[in-house]
Amino acid sequence: MSRRDATAPSVLPLTGSERVAGYAMLAFALACVIAPFAWIFMTSLKQQIAIYTGAWSFAPTWSNYSDVLFGRRSDFIANVANSSIVAAASTLLVLVVGTLAAYSLYRFRWARWVVTGFLGWTLVFHMIPVLTLVGPWYLAFRELGWYDTLGALVLTHITLNLPITVWLMMAFFREIPPELHEAALVDGCPPIRAFWSIALPLAAPGLIAAGILDFIFSWNEFSVALNLTSRDTATVPVAIARFAQQYETQHGQMAAASIIATVPALLLMAMGQRFIVRGLTMGSVK
């Protein structure tokens, strides 16, 4: 038996009714995930009359996508640019702050109550409903003159995404043998150089996982953006919601905008799936 076979985890094959039940559950889960996207995509290809009548047989049209991207009343391209700027800037800054915080808490000699208190507070803060923070943020940014600016939105997204970044990066730093850091210090390497040359390259998968999650969370954030932006600074989720107006709901355009907005998240998830799974399950198996 080869070494690879000896170290590979044992897998029990499904037989008989277990196989049927397993495939049935897998098919059901797959349908629950794909069906909503398929429904929205079909709606995006329908005329408004076909949507109102609930027709299953219809002539597909790309007019809804044309209206969303190039219509005279649509600012969707500008909204995509706003979301891209906010998501990219907040992701970059939260990775810098979160990575340094995680490395400092894990490697340096902080008092135990400091580490426990900080991590506990980030966990509690992450569980606070976002809507409870919108009011204070609105008042603060209005007094500072930052209301209706992309910079204010970047700051709020950094605040919201920092806890999960710190926890993810600490999980990856725990997997790095402390002997490597100690050996670098013994050889005369300054702590910041040891972090930059040893710890950070080894934690690169964690950076990728945290970065993808932070970008997607920022890209999809709605409640804060709805209250802190206007037409010129609105992000993609706010722009999609505005297709539903008081006297008219543009179902086709809303569905088309939703499909377009989903593409970046799907591409990022496809490229970084293995890093995200590793980051979220880090430490679960020893």
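1. The secondary structure of the protein chain consists of 14 helices and 0 strands. Helices here are DSSP runs of H or I with at least four residues, strands are runs of E with at least two, and both are numbered from the N terminus. The model is predicted: local features need pLDDT of at least 70, side-chain atom pairs count only at pLDDT 80 or more, and totals for chains, interfaces and linings use all residues. Residues are numbered from 1 along each chain as its sequence is written, and side-chain values use heavy atoms, with hydrogens and water left out.

2. Of the 286 residues in the protein chain, 37% are buried. A residue is called buried under 20% relative accessible area, exposed over 50%, and partly exposed in between, with a 1.4 Å probe and protein chains only. The chain exposes about 17,600 Å², and carbon and sulfur atoms supply 69% of this area. Accessible areas come from the Shrake-Rupley method with a 1.4 Å probe; for residues, only the protein chains shown count as cover.

3. Among contacts with a separation of 6 or more, 73% join residues 24 or more positions apart. Contact means heavy atoms within 4.5 Å.

4. How many salt bridges does a search of the whole structure find? The search finds 1, where a salt bridge is a side-chain nitrogen of Lys or Arg within 4 Å of a carboxyl oxygen of Asp or Glu. The partners are Arg 231 and Asp 75, whose closest N and O atoms are 2.7 Å apart. Arg 231 lies in the loop between α12 (223-228) and α13 (236-241), and Asp 75 in the loop between α4 and α5 (76-107), so the pair ties together parts that are 156 residues apart in sequence. Asp 75 is partly exposed, because its relative accessible area is 29%.

5. Asn 64 belongs to helix α4 (residues 63-70). Is Asn 64 buried or exposed? Its relative accessibility is 5%, so Asn 64 counts as buried. The side chain of Asn 64 reaches the backbone oxygen of Ser 44 at 2.8 Å. Leaving aside residues up to four places away in sequence, Asn 64 touches several residues, including Leu 45, Lys 46, Gln 253 and Ala 256.

6. The whole structure holds 8 aromatic pairs. Rings of Phe, Tyr and Trp (its six-membered ring) pair if their centres lie within 6.5 Å; planes under 30 degrees apart count as stacked, over 60 as edge-to-face and the rest as tilted. One of the pairs, Tyr 103 with Phe 195, is tilted, at 4.7 Å centre to centre and 55° between the planes. This pair links distant parts of the chain, with Tyr 103 in helix α5 and Phe 195 in helix α10 (residues 191-202), 92 residues apart. Both Tyr 103 and Phe 195 are buried. The rings of Trp 121 and Phe 125 have centres 5.9 Å apart and planes at 50°, so this pair is also tilted. Trp 121 and Phe 125 both lie in helix α6, 4 residues apart, about one turn of the helix. Trp 121 counts as exposed because its relative accessibility is 51%, whereas Phe 125 is buried, with a relative accessible area of 16%.

Note on methods: Polar contact = N/O pair within 3.5 Å; in protein donor to acceptor, adjacent residues only side chain to side chain.
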